[in-house]
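Here is a short report on strands, helices and a chain interface. Please read it alongside the model.

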Amino acid sequence: MITAESMNELKEFIREDLVMAGENEAHPFGNSGHAVVYPESEEDISAILKYANTKGLTITVMGGGTKRGYGGLTETTDILLSLERHRGIVEHTPGDMTLTVKAGTPFKELQDYLAKHKQKISLDPFWPEQATIGGIIAANESGPKRLGYGSARDAVIGLRTVYPDGKVIRSGGKVVKNVAGYDMNKLFIGSMGTLGVVSEVTVKLRPLPKCESLVLVSFPEGHQDKIQPFAVKVLDSMIEPVSLELLNPTLADRLTGQKNYTLVLSFEDVESSVQYQENFIKNILPEGTELKIVSKEEADVFWKKFYHHIPNGAAEITSETEASLKVGSVNLKVLQILKNSELLQDQFNVSVEAHGGLGHGLSQIHIRGAGKDVAAAVTEAREIAEKEGGYAVLKHLPFKLRKEVDVWGKSPSYFFLLQGIKATVDPKKTLNPNRFVGGI
Amino acid sequence: MKVKVKDLKTKDKHIKNLAAIVGGARSILYQETDLLAYDCDGFTIHKHLPKAVVFPKNTQEVAEIVKYCSKNELPFLARGAGTGLSGGAIPLNGEIIISMVKMKKLLSVDLENRRAVVEPGFVNLKLTNSISDKGYYYAPDPSSQSCCTIGGNVAENAGGAHCLKYGVTTNHILGLEVVMPNGEIIEIGQDGIPDAPGYDLLGLITGSEGTLGIVTKITVRILKNPEGKQTVLAYFDSVEDGSQAVSDIISAGIVPAALEMMDKIAIEGVESAAFPVGHPKDIEAVLLIEVDGIAAGINEQIEQILEVCRSRNVREVRAAKNEAERARWWANRKTGFGAMGAISPDYLVQDGVIPRSKLPEVLRKINQISVESGLRIANIFHAGDGNLHPLVLFDSRVSGESEKALEAGSLCLKACADVGGTITGEHGVGIEKREEMRFVFTEEEIAAQTEIREVFNPDNLLNAGKLFPSPSRCVEIKQEMKTQAIS
């Protein structure tokens, strides 16, 4: 437990004004700290970690706070380490198409900057104004365009990670191809901050597409059996959609005003190629379905709404309880998972907004309602996922419910390896204790 | 007639016991004459005899062999086709080699969900060949793809000419079945479902050079063939112009499927070898640029590439007239390493990576290394992603030349590391570049990696002595390498 004395000791390592007392009241999403520190440099991070590790104090790591409801069974750790002041671009080499950036930099800030150079990071996370690059990588967050561009593990080429004992370990590098030693980057991506604090990230960039297009295909009641054959036809064709994301009717209603299952296809290429692909879709459109090629302005509105529709751990607390599940399955099972999760609405008197990638196998189910109903619905949603051979992780849930419902589900058979890795890197369980699978 | 364990011409109990696990004398090699073929892989400078080579037919047998070795403290390692270029499959400690070549089945293909499951001994190119009639392929395409195995590709995180756009092996692995160094069988990424909760062991094991476990089943992502493909060939009178053209193409927002470069000596090699295509011998650099994707969008990009090359003083630039010409250009390039045999008795290939923008600077440095060592160095490289393959030409019969070649190769890697690059992009560290790991990592960072190895491979019986410099032994081994290179 942190004391006034240790607060003062902390101030010996980093500037006084960067250490503050934590909030008096417990945060509804937990993952708080009795003290809050705002390191401004890697040296600061290292000093704080080393101090905490030596003193047996626990640390919660936070970026923009959008994932504050993602895992964690400790309401208040000793220290909340906020990376919001550890931000900014370290190095951008446009000719090499690589970018090195401090972990606390908000994603949108990076994309806006890169757009001036006609480049981008090929990730499409939610809440991009608040979510930091470090948090996106720690939680391995991805969006619908993962189909075309892959996920964090495909974009990250180098990390600087501060270990719990304060040492700084570099992994990867600044080049796009690298097999020197173990691919340690992969260990930290998606590790929920349980191994080290990523302080700097190097990503490879992509050129901004010369032309973008959004095509919506909606399947009214009575035509839903056409979704799978249509998706299979698209996937088996020569066209290269960057997303092939299915929206459930409730979500489609919010985003498009039409309460039908809707497929979101996006194309990004040179103009002639994009037009060709739009035409291809027109020509294979199943009877009874509706196609809409969305104008640039409308598409911007659509995507903006899309990337802000999921529960946000950094938002104002509402009276309603919100939960999000990330479900992994075989690609085409996404359809069945969405359909089955639709039934939760009546069964538990909750609202369910869901979407999933038919080309990448990840779905997200967002459930809103009264606390008890939401808890029952997420448990059922996990069963739906497992019935289809997949898994479900609760990526957003209030702290109170996280104690009742298992966030990560069954531990894998090779859990001993995960434990072994944690014990090797963070033997004292200093960082984000109990935030990850099996209480790691 | 079945050959039984009692037919073995040895009294060694371990050989007998191992033979019993794999079902008889035909599935094990133990006599020196047979073992000689396994004393090295594609890295031929260092040689060592294994104790035996066993040929399991399934995961269960692999697990039994591993358990036996572990119990009896016999060092062991897995081997695919032996095409690795850094010595990852060389039995430094007289290992039991577990050859995966009999585990070579394509277990399943699921086109709708874009995945295939293979056994580790399945040959890379066979996968593409098996699904190409349906319009699909497996993207990673190392130059040795007609014989290298996918298991070996996973161990080394193999790349290839087309990974510029599509990524290397690790970007295409969805699931692995692994026999742990204690014989336990684990399955990661079941059914190829992405982002399994937990640390990303798929990513960690891929590229771990066979030091964390033995992969016995692999689920890979398969891709739809691009609708169109076009390749451009460009000749430059200066390497600088060629390099600049590479940068300009990338800066123009084009993502080529491949962007390859060869310098003058490399051209001399490929033109003297099996697939000459008539590259002029007096040019300084040739670029091969391939664009693929939606056919409707390709011409526009090709025009842009032609224009970029022209603006950089290209001597001649043109797109392939037809598929046959395109295939010839690529055959010529893909046999590049072997082609060095046509102009030099021996060669040593290196595998540095640099930020693309440092290309001219590093090529100048490599040229200087060549002048100072008195050895010719050819350069074949994946220019698009900055992966250089300097080929140091030497004659091992000339006293001292092998030493010089090793030294020159190491200096080339130092040059790459010094500009913020790395020592290997796709060939792996193996034995060859253990010492060079220090060019890019601190002692602490190397320790962070070996600590992870200990979680998986605590007794270090599996493929010991690879990947990492060992402080106490490195000097002797370097000396030994030199002695062997000379002998």
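## Strand pairing

Ser324(A) sits opposite His396(A), a residue of S19(A). Strand S16 of chain A (residues 321-328) is joined to S19(A) by five bridges, and the two run antiparallel. Strands (E, at least two residues) and helices (H or I, at least four) are DSSP runs, numbered from the N terminus. Two strands pair if DSSP finds at least two bridges between them.

This is a predicted model: local features need pLDDT of at least 70, side-chain atom pairs count only at pLDDT 80 or more, and totals for chains, interfaces and linings use all residues. Residues are numbered from 1 along each chain as its sequence is written, while chains are lettered from A and ligands numbered from 1 in the order in which they are written.

## The sheet

Eight strands of chain A make an open, antiparallel sheet, ordered S15-S12-S14-S13-S17-S18-S16-S19.

## Chain A against chain B

In total, 68 residues of chain A contact 71 of chain B (C-beta atoms, placed from the backbone, within 7 Å). H16(A) gives the largest share of chain A's side, five residues.

Helix H10 of chain A (271-283) packs on helix H10 of chain B (295-311) at about 175°, axes 7 Å apart. Axes are lines fitted to C-alpha atoms, for helices over the stretch in contact; angles run from 0 to 180 degrees between N-to-C directions. H10(A) and H10(B) are therefore roughly antiparallel (angles over 145 degrees). Ser272(A), Ser273(A) and Tyr276(A) meet Ala296(B), Gly297(B) and Glu300(B) there.

Methods. Angles under 35 degrees count as roughly parallel, over 145 as roughly antiparallel, 65 to 115 as roughly perpendicular and the rest as oblique. Two residues are in contact if their C-beta atoms, placed from the backbone, lie within 7 Å.
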